Amino acid sequence: MTLKEKYQDWYSKHGAQLQAISPKYDVVFEVAKDEPIVFEDSANVRLSAAIIADTHLPNREAAEKNLANTFEDIANSKETVDAFMLAGDIADYGFKSEYERFFRPLDQQKCVKNLLVTMGNHDARFFFRKNSAIVMKKVEEYLKIKTNGKTYYSYDINGYTFIVICTEKRVLEKAYISEEQQAFLDRELARGTKDGKPVFVMCHQPFANMHGLPEVWETGDMGEQNDEVRAVMEKYRNVFFINGHLHGGIYKNVVDTVNEANGVHSISIPGYRKPNNFGITDCGVGYLMEVYDDRVVFRARRFLTGKFMHGEYTRLEYKLI
Ligand SMILES: [Fe+2]
């Protein structure tokens, strides 16, 4: 029996039981309409994004509805949110039905023009080829770009560059980032930062020794090419590295510095579907990013219920250098 068959066999026997003992799967949340998204300085905002991670969608109606809440929340605002970003772990088990659940709200929404998604280890660990084909086809459809069989891509919005890096092969937890992909990252960072603008890089897995690693998760880092990828990112100024994977919640380790002199920062986005591990542990929380000429602001928002979060590390401000 192949690994894939073993997995499917195991899931067909135990999947239903597993879901039945997880009642949280079926809690449906409602979006409040009394606290819509308002930017800090709407007249001067140059770029904005709603960022979430780790949707881990099971094939459950409630989970799909709860993901759709993010778009309902954005649609309820008078502001234009330019981008939606999902920092990986789209699906829980990596089944086709789970991707259908995930992409339906994205297909149906009309409020965000640019949808940037990437795979996490839950997407890549068992059915890498099949799932990367599903995900990259949607990337091509949403952004109208060609990805030429790659799992990584870049895209410009309002004159700002977004670079999405991703594992290129089946891995259990970490990411495999080839030399070719590292060169792509280098090139795109050079292009995106040449006029002094910030650049946004997204990858599911964070760098080693950041966000509480390895204490919070011994093997939770990017993996083998960690140092090479980090060295590339450290060369450029005003780089914001957005990642997921850790389900850390909002607490002191939600932010980290990759290179202080160059203003390279890492932000660990909390997991969307399940409660997180530390600090503010609520599910359904991500960050709303606002980019201005001189600064980038991230504010924690519970897109799931349409509310801003309050407390430490719920507002992060970075002056551009
Ligand atoms: Fe993950």
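Predicted model: local features only at pLDDT ≥ 70, side-chain atom pairs only at ≥ 80, totals over all residues.
Colleague: Where is Arg101 placed, and with which residues is Arg101 in contact?

Modeller: Arg101 is in helix H3. Leaving aside neighbours within four places in sequence, its contacts are Leu57, Asn59, Ala63 and Glu64. The C-alpha atom of Arg101 is separated by 9.9 Å from that of Ala62, and the two residues are 39 residues apart along the chain.

Colleague: Why are H2 and H3 called roughly parallel?

Modeller: The axes of H2 (residues 61-75) and H3 (residues 96-108) cross at roughly 30° and come within 9 Å. Angles under 35 degrees count as roughly parallel, and therefore H2 and H3 are described that way. Their crossing is right-handed.

Colleague: Which residues make the contact of H2 and H3?

Modeller: H2 gives Ala63, Glu64, Leu67, Ala68 and Phe71, while H3 gives Arg101, Phe102, Arg104 and Pro105. By class, six of these residues are nonpolar, none is polar and three are charged.

Colleague: Which residues have the most contacts inside the largest nonpolar core?

Modeller: They are Ile51, Met85, Val201, Met202 and Ile242, in a core of 82 residues. For Met85, the contacts beyond four places in sequence are Ala49, Ile51, Leu116, Met202 and Ile242.

Notes
Residues numbered from 1 in each chain as written. Core = buried A, V, L, I, M, F, W, Y, C linked by C-beta atoms within 7 Å. Buried ≥ 20, exposed ≤ 12 C-beta atoms within 10 Å, placed from the backbone. Contact = placed C-beta atoms within 7 Å. Axes fitted to C-alpha atoms, helices over the stretch in contact; angles between N-to-C directions. Helix = DSSP H or I, 4+ residues; strand = E, 2+ residues; numbered from the N terminus. Parallel < 35°, antiparallel > 145°, perpendicular 65-115°, else oblique. Left-handed = near helix turned anticlockwise from the far one by under 90°. Nonpolar A, V, L, I, M, F, W, Y, C, P; charged D, E, K, R; others polar.
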